[in-house]
Amino acid sequence: MNSPATLARDIDGKAIAATVLGEVAEQVRELTAQGIHPALAVVLVGDNPASQVYVRNKILRAGEAGIVSIERRLPSTCSQQELLEVIAMLNADPGVHGILVQLPVPAHIDEAAVIHAIDPAKDVDGFHRENVGGLVQGQDVLTPCTPSGCMRLLEETCGDLSGKHAVVIGRSNIVGKPMATLLLQAHCSVSIVHSRSVDAPALCRLADIVVVAVGKPKLIDASWLKPGAVVIDVGINRIDTPHGPKLVGDVDYNSARLVASAITPVPGGVGPMTIAYLLKNTVLAASKAPRIA
Ligand code: NAD
């Protein structure tokens with residue numbers, strides 16, 4: 001256990017995201033000087049309150065970085081065909097460099113059909129199978145934003161990750177699997193722990209780096225951690241407390257910081273990095289787009 005004087009230090013996602021957004025703004029200035037105005041299209045279907053907040057934040061941050069945003073709102077009753085037609089128009093528009101369809105889409109729409117309708121060169125979420133396959137093969141493709149943000153937090157915290165043992169808890173397509181792939185590319189030894197793993201805490205205690213994306217409040221406490229481990233908590237869970245609703249991660253922060261050497265708080269850790277990397281992907285897509293004559 002750390003003594004009170006040596007509690008794990010916080011990994012400041014807000015500060016690191018601000019650095020990334022500064023890099024993005026600089027890239028936008030360079031592209032603009034060449035006559036390219038990076039543009040992100042955000043498509044929202046229906047009126048899910050959480051999705052509305054996410055979309056508003058993405059558009060706000062894009063504007064701050066000098067990225068043009070194009071918002072397309074469709075009613076929850078819209079057909080899959082109508083949504084696919086909007087995507088086709090955005091695909092064909094040379095002035096649009098990134099396309100994001102805010103998930104989840106209503107149940108009558110096939111999410112995979114929507115993801116795979118997006119031009120892979122404009123797929124700034126990195127969910128298209130062409131980008132997923134490219135990532136696994138180590139190609140330079142658009143990569144999911146949350147895992148990319150987590151990698152930056154780890155690089156800023158640990159420097160070279162080569163040879164470290166990383167345990168990723170959770171195996172979703174949007175976080176766990178791409179996270180494990182990126183850690184492997186950074187030359188970590190990687191284990192993936194999931195809902196069917198036997199003695200998950202014992203596997204996790206082997207890790208120098210722990211990345212948690214499960215969606216269960218405070219699942220991981222100090223007993224899961226090797227002393228000195230670096231902990232990245234992707235989880236965002238809303239819980240009720242006597243003082244009102246509160247956001248917590250998948251890691252029991254107060255317990256884990258007694259053993260870890262560094263940890264992301266929730267909020268203020270991974271969350272700000274996700275939007276920053278969405279915008280980084282948008283400028284990357286803009287820089288590779290065919291030039292309009
Ligand atoms: P998901 O539900 O798609 O996947 C959860 C994974 O956790 C599954 O692979 C499952 O096997 C695993 N799991 C479930 N119970 C487990 C257990 N007891 N032990 C070990 N593994 C277990 O979730 P997701 O989309 O990957 O999201 C995970 C969390 O991260 C959620 O809280 C979500 O809100 C959050 N999230 C945050 C950001 C961000 O920007 N900070 C982005 C994406 C997701």
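**Ligand contacts, pockets and salt bridges in a predicted model**

A polar side-chain atom of Ser 195 lies 3.4 Å from an oxygen atom of the ligand, a polar contact being a pair of N or O atoms within 3.5 Å, where within protein one atom must be able to donate a hydrogen and the other to accept it, and residues adjacent in sequence count only if both atoms are side-chain atoms. The model is predicted, so local features need pLDDT of at least 70 and side-chain atom pairs count only at pLDDT 80 or more, while totals for chains, interfaces and linings use all residues. Residues are numbered from 1 along each chain as its sequence is written, and side-chain values use heavy atoms, with hydrogens and water left out.

**Ligand surroundings**

- The ligand is surrounded by 21 residues, and the closest are Arg 171, Ser 172, Val 234, Ile 236 and Thr 274; a residue counts as near if one of its heavy atoms lies within 4 Å of the molecule.
- Val 234 places a backbone N or O atom 3.4 Å from a nitrogen atom of the ligand, and a polar backbone atom of Ile 236 is 3.1 Å from an oxygen atom of the ligand.

**Pocket and cavity**

- On a 1 Å grid over the protein atoms alone, a cavity is a set of points where a 1.4 Å probe fits but cannot get out, whereas a pocket is an open set with protein on both sides within 12 Å along at least five of seven lines; lining residues have an atom within 4 Å of a point.
- The second largest pocket has a volume of about 370 Å³, a volume being the space filled by probe spheres set on grid points that are joined across faces, edges and corners.
- Of the 17 residues that line this pocket, Val 141, Thr 143, Ser 148, Leu 182 and Tyr 277 lie nearest its centre, and helices H6 (145–158), H7 (176–185) and H10 (271–288) each supply at least two lining residues; helices (H or I, at least four residues) and strands (E, at least two) are DSSP runs, numbered from the N terminus.
- The structure holds 1 cavity of 30 Å³ or more, and the largest cavity has a volume of about 60 Å³.
- Strand S4 (98–101) gives the most to the lining of the largest cavity, with 3 residues, and helix H4 (111–117) supplies at least two.
- The lining of the largest cavity has 8 nonpolar, no polar and 2 charged residues, where Ala, Val, Leu, Ile, Met, Phe, Trp, Tyr, Cys and Pro count as nonpolar, Asp, Glu, Lys and Arg as charged, and the others, Gly among them, as polar.

**Salt bridges**

- The whole structure contains 8 salt bridges, each defined as a side-chain nitrogen of Lys or Arg within 4 Å of a carboxyl oxygen of Asp or Glu.
- Lys 280 and Glu 23 form a salt bridge at 2.9 Å, N to O, and this pair links distant parts of the chain, with Lys 280 in helix H10 and Glu 23 in helix H1 (residues 13–33), 257 residues apart.
- Arg 29 and Glu 26 meet in a salt bridge of 3.0 Å, N to O; because they are 3 residues apart in helix H1, about one helical turn separates them.
- Lys 288 forms a salt bridge with Asp 140, with the closest N and O atoms 3.5 Å apart, and this pair also links distant parts of the chain, 148 residues apart, with Asp 140 in the loop between helix H5 (129–136) and H6.
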